[in-house]
There are 2 protein chains.
Amino acid sequence: MIKIAILGYGTVGSGVAEVLMQNADSIAQKAGRPIEIARILDIRDFPDDPLWPRFTKNFDDIVNDPEISIVVETMGGLRFAYPFVKACLENGKSVVTSNKELVAAKGDELLEIARSNNLNFLFEASVGGGIPILRPLDQCLAANEVTEVAGILNGTTNFMLTKMIEEDMPFDEALTLAQELGYAERDPSADIDGADACRKTCILASLAFGRHVFPEQVVTEGIRHISLDDVDAASATGGVIKLIGRTRREGEKVYAFVAPTVVPKTSLIADVRDVFNGILVRGNAIGDVVFYGRGAGKLPTASAVVADVIDEVKHLSARKYLYWEKGAEDYVLPQENFETAWMIRLLVDDKDLAALALEALFGNVKFLTRSRAASNELLFITPVLPERETAKRLAELKNYVLVNALRVADF
Amino acid sequence: MIKIAILGYGTVGSGVAEVLMQNADSIAQKAGRPIEIARILDIRDFPDDPLWPRFTKNFDDIVNDPEISIVVETMGGLRFAYPFVKACLENGKSVVTSNKELVAAKGDELLEIARSNNLNFLFEASVGGGIPILRPLDQCLAANEVTEVAGILNGTTNFMLTKMIEEDMPFDEALTLAQELGYAERDPSADIDGADACRKTCILASLAFGRHVFPEQVVTEGIRHISLDDVDAASATGGVIKLIGRTRREGEKVYAFVAPTVVPKTSLIADVRDVFNGILVRGNAIGDVVFYGRGAGKLPTASAVVADVIDEVKHLSARKYLYWEKGAEDYVLPQENFETAWMIRLLVDDKDLAALALEALFGNVKFLTRSRAASNELLFITPVLPERETAKRLAELKNYVLVNALRVADF
């Protein structure tokens with residue numbers, strides 16, 4: 001029998017309890033012994049819950065209980081989660097969390113405390129919800145030099161973009177629908193401005209390349225400025241717009257950024273629709289592998305948390321290796337050095353003249369047309385250049401309005 | 001420093017050596033110590049290979065060398081692989097194999113020997129090539145009661161079906177092209193008659209549900225009888241034909257079979273094209289998760305083997321849990337009990353009469369039309385019934401020729 005505690009009885013926390021009870025037999029078999037929820041911390045009352053007698057409002061009841069060996073943190077945010085998780089690790093308890101904000105901000109510090117105390121700190125549910133991604137990335141791909149990870153990491157924005165792409169639904173309407181369906185919060189900015197995808201990108205980059213990447217280091221652009229005209233333009237290029245979190249190794253450093261991106265329809269992740277997540281891992285031996293499934297939701301996320309709990313039970317004495325080094329200020333490369341093609345829409349006075357000027361500036365430019373464009377729109381794809389170079393050349397062009405510029409993916 | 005041996009220096013075996021040498025530094029870091037290829041067994045000579053001095057033609061040089069603690073088996077087949085792997089496990093060596101025939105036929109026995117000797121026997125590369133699937137299935141989904149696993153497990157047949165679906169290429173032509181491209185052997189029967197998919201289905205079923213399933217227990221149907229007319233008919237139902245290996249738990253027993261199946265275009269695995277593999281895992285908490293990537297190829301497969309080697313190095317003293325029970329004759333349920341819908345094409349004398357008779361027999365039948373059909377073809381989808389029931393009802397119909405009947409997937 002192993003005793004655990006749950007911090008925070010919201011959607012994920014109560015889902016964890018549900019999965020642990022519903023699948024108790026097979027979980028006990030897989031973990032090697034039964035798992036008991038000894039304590040639950042929440043400031044709210046749940047008098048009708050069968051576990052109510054085990055609730056506490058006092059964190060000390062958990063951190064000072066020597067019988068509790070694993071703590072599940074499902075509170076979210078940093079304010080309480082960070083000191084609580086830290087205290088648990090400092091007091092001999094292994095921790096499982098689904099809290100991406102916590103791991104993205106404090107992962108290296110908490111992993112170091114776990115390591116020095118010979119404990120486990122696992123967080124599979126923090127990226128991709130129920131999709132197993134961190135463990136395969138760490139273990140199964142151990143034989144590969146991973147060169148790049150790119151993914152659709154936020155289900156809410158992918159749902160909205162799917163509606164825009166497939167049903168020609170304007171952005172505002174798609175957002176309202178996402179809110180009505182419970183996919184988006186009343187304040188949707190963490191989703192649509194990219195903060196959620198940014199945190200997950202930090203975690204993927206940190207694990208894939210072995211050194212912490214902080215949210216402040218990740219250039220992050222959301223989908224607020226994406227219009228149906230952009231969607232239509234992407235379609236004319238043979239692509240779809242997806243909000244992509246991306247990290248690429250370059251020598252001893254990395255690129256990491258989040259941006260709406262034109263993904264070719266032939267890409268393995270172009271077909272990731274609706275609230276699904278899809279993560280592409282590129283390795284030098286394995287080639288491209290994609291992990292695909294529901295990125296959020298009570299039970300998928302809870303099942304990932306419980307899988308981590310089982311793993312910690314099995315590794316209570318022999319610590320499992322999951323670790324990355326401390327971050328550094330100059331570890332993430334300046335985005336302006338990143339080499340990419342762009343899909344660009346300009347409004348110009350004279351299209352022929354502008355086209356000639358663009359060809360003179362860029363050499364090889366691919367011009368495209370679409371039926372829904374304004375008559376003075378010029379739509380084109382640039383060659384692959386460092387971002388700084390593209391910006392410099394564009395600045396040399398005269399008499400134009402830049403409507404939008406989106407990176408074109410090479411995966 | 002840990003010493004390993006490789007049995008068989010063919011495509012996969014030489015790929016393993018290549019990955020181990022190419023990524024030596026990062027592998028040593030992940031494994032905790034460097035890995036040295038001490039011995040390679042092959043009856044052929046490779047005098048130009050830098051590892052040539054370590055080759056042997058005598059298996060005793062490996063099994064009796066106390067310094068070799070891990071053996072990689074990449075010979076394929078049963079004749080030598082089975083006694084060699086068994087002898088290695090009985091002599092204190094952990095084993096990694098990519099040999100699906102071996103695991104499907106002898107997995108339970110070898111896992112038991114490994115367990116009683118406190119050794120590891122891992123075989124991630126035997127299913128899905130480089131796609132991490134067995135480890136996630138075993139570990140990450142530990143919190144789920146897995147109810148079903150279904151997948152496109154054979155790249156060669158998926159390539160051929162993709163050509164038939166997308167380019168209207170006849171079966172024979174698609175087979176010739178697959179042979180020219182090196183995807184299919186000169187004798188293609190292991191691929192197109194389903195034996196390869198059958199073995200992988202055995203391994204997935206055994207691991208997912210905890211008891212060995214043998215190839216002889218898996219009803220296996222290949223794609224030899226699939227015509228462009230079937231492809232067209234599937235398209236009329238809104239689906240595509242895929243060769244699917246499938247296993248479903250039903251109480252304490254399981255179904256397991258391989259068959260060309262009509263997969264709705266909305267399915268998560270309908271878009272798995274070309275030589276790619278895609279495996280869908282359905283759990284009671286996680287919902288559907290899909291793993292997707294190249295199912296074969298030298299380096300993807302080798303990288304999965306090397307990941308297992310790294311895992312064994314990390315768990316040399318503390319055995320990793322991967323295990324299933326012995327199989328039993330009555331463990332796999334009779335296929336005739338399996339409940340499914342069918343897409344059926346009949347040639348009938350009188351279509352109206354036949355349609356009336358079918359509705360009388362089945363209750364609810366969905367009739368479909370397609371422009372390329374013969375004038376006396378009746379295309380329809382049956383309701384979901386045990387296979388025996390559908391067969392019985394069809395037998396009551398008079399004056400028809402059954403052209404083809406394909407199961408329709410519910411995933």
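How many residues lie between β9(B) and β10(B) in their hairpin? There are two, and B:G251 in the turn has a positive phi of about 65°.

Before going on, a word on what you are looking at. This is a predicted model, in which local features need pLDDT of at least 70, side-chain atom pairs count only at pLDDT 80 or more, and totals for chains, interfaces and linings use all residues. Residues are numbered from 1 along each chain as its sequence is written, while chains are lettered from A and ligands numbered from 1 in the order in which they are written.

Strands here are DSSP runs (E) of at least two residues, numbered from the N terminus. β10(B) covers residues 253–264, and ten of its twelve residues are buried, so the strand is largely enclosed by the rest of the structure. Buried means that 20 or more other C-beta atoms lie within 10 Å of a residue's own, with C-beta atoms placed from the backbone.

| Partner of β10(B) | Residues | Sense | Bridges |
|---|---|---|---|
| β8(B) | 219–220 | parallel | two |
| β9(B) | 239–250 | antiparallel | twelve |
| β17(B) | 400–408 | parallel | two |

B:T220 stands opposite B:V258 in β10(B), and B:R248 has B:Y255 in β10(B) as its bridge partner. Over at β17(B), B:R407 stands opposite B:T261.

**A look at B:T340**

B:R407 turns up again as a neighbour of B:T340, which also touches B:V384, B:E387 and B:V408, leaving aside residues up to four places away in sequence. Touching, or contact, means C-beta atoms, placed from the backbone, within 7 Å. B:T340 sits in strand β13 (residues 339–348) of chain B. Is B:T340 buried or exposed? It's buried, because 20 other C-beta atoms lie within 10 Å. B:Y292 is 48 residues from B:T340 in sequence and 25 Å from it in space, C-alpha to C-alpha.

**How the two chains relate**

The same surface serves both copies, as 100% of the contact residues of chain B recur in chain A.

Note on methods:
Helix = DSSP H or I, 4+ residues; strand = E, 2+ residues; numbered from the N terminus. Contact = placed C-beta atoms within 7 Å. Pairing = 2+ DSSP bridges.
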